[in-house]
Amino acid sequence: MAENIPAVDYLVLGEDPHLEAHECQQCAALYFDRRNACARCSSSEFTSRRLSNEGVVRAYTIVQRGAKSGPFTSVVVELTGGGVVKANLLGVSDPATIHPETKVRLVVYDVGTDDDGTVAVAFGYEPIGA
Ligand SMILES: [Zn+2]
């Protein structure tokens with residue numbers, strides 16, 4: 001049985017994949033990386049907080065890669081209820097159809113399998129209703 005591991009440590013896999021951030025208990029700033037102190041208020045008290053799987057596109061960049069894999073779209077997504085995350089936009093064949101305010105939801109996908117059969121799983125976003 002292959003094992004799945006998240007490509008980034010703030011991605012939580014399982015029945016209901018989602019992102020989890022560290023929230024400052026003092027000022028509610030959100031961080032994906034582990035910090036000793038909050039950059040905004042210097043508090044060192046953090047709790048884990050589950051982030052929404054839905055949000056809206058705030059910015060996007062079409063990244064031209066090799067001819068083989070084609071261009072992909074990098075988006076900055078503002079999550080419902082807080083949190084901003086950068087990821088790839090999936091499920092869009094024509095990047096010209098993307099615009100700011102596009103509603104998106106989190107999707108996970110396999111990025112590769114190592115020799116032991118461990119599957120690395122990354123996340124991206126796809127438009128809702130597309
Ligand atoms: Zn803070």
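**Talking through the model**

Trainee: Where is S74 found?
Mentor: S74 is found in strand 7, which covers residues 72–79, and please keep in mind from the start that this is a predicted model.

Trainee: Is S74 buried or exposed?
Mentor: S74 has a relative accessible area of 11%, and since anything under 20% counts as buried, S74 is buried.

Trainee: And which residues is S74 in contact with, leaving aside its neighbours within four places in sequence?
Mentor: With those neighbours left out, S74 is in contact with A59, Y60, T61 and V63, and also with K86, A87 and N88.

Trainee: Stepping back, how many helices and strands are there in the protein chain?
Mentor: The protein chain has 10 strands and 0 helices, so that its elements, read from the N terminus, run β-β-β-β-β-β-β-β-β-β.

Trainee: What does the C-alpha trace span along its principal axes?
Mentor: The C-alpha trace of the protein chain spans about 45 × 40 × 25 Å along those axes, and 31% of the 130 residues count as buried.

Trainee: Now the metal. Which residues coordinate the zinc ion?
Mentor: The zinc ion is coordinated through the SG atoms of C24, C27, C38 and C41, at 2.3 Å, and in sequence these donor residues follow the spacing C-x2-C-x10-C-x2-C.

Trainee: Where are C24 and C38 in the chain?
Mentor: C24 is in strand 3 (residues 18–24), while C38 is in the loop between strand 4 (30–31) and strand 5 (46–50), so the pair, 14 residues apart, links distant parts of the chain.

Trainee: Why is the arrangement of donor atoms around the zinc ion called what it is?
Mentor: The arrangement is tetrahedral because the 4 donor atoms subtend angles of 100 to 114° around the zinc ion. For comparison, the ideal angle for four tetrahedral donors is 109.5 degrees.

Trainee: Are C24 and C38 buried or exposed?
Mentor: C24 is buried, with a relative accessible area of 2%, and C38 is also buried, with a value of 4%.

Trainee: Which residues have a positive phi without being a glycine?
Mentor: A28 is one of them, with a phi of about 70°, and S42 is another, with a phi near 70°. A28 has its place in the loop between strand 3 and strand 4, whereas S42 lies in the loop between strand 4 and strand 5.

Trainee: How do A28 and S42 come out for relative accessible area?
Mentor: A28 is partly exposed, with a relative accessible area of 41%, while S42 reaches 57%, and S42 counts as exposed because that value is over 50%.

Trainee: Last one, where is L90?
Mentor: L90 is found in the loop between strand 8 (84–89) and strand 9 (103–113), where L90 is partly exposed, with a relative accessible area of 22%.

Trainee: What does L90 touch, and how far apart are L90 and S44?
Mentor: Not counting residues up to four places away in sequence, L90 touches V107, Y109, G124, Y125, E126 and P127. L90 and S44 are 46 residues apart in sequence, and from C-alpha to C-alpha they are 36 Å apart in space.

Terms used
Residues are numbered from 1 along each chain as its sequence is written. This is a predicted model: local features need pLDDT of at least 70, side-chain atom pairs count only at pLDDT 80 or more; totals for chains, interfaces and linings use all residues. Side-chain values use heavy atoms; hydrogens and water are left out. Helices (H or I, at least four residues) and strands (E, at least two) are DSSP runs, numbered from the N terminus. Buried means under 20% relative accessible area, exposed over 50%, partly exposed in between (1.4 Å probe, protein chains only). Donors are N, O and S atoms within 2.8 Å of the metal (3.2 Å for Na, K and Ca); water is not among the atoms, so sites may look incomplete. Four donors count as tetrahedral if all angles lie between 85 and 135 degrees; four count as square planar and six as octahedral if opposite donors are over 155 degrees apart and all others between 65 and 115; anything else is irregular. Contact means heavy atoms within 4.5 Å.
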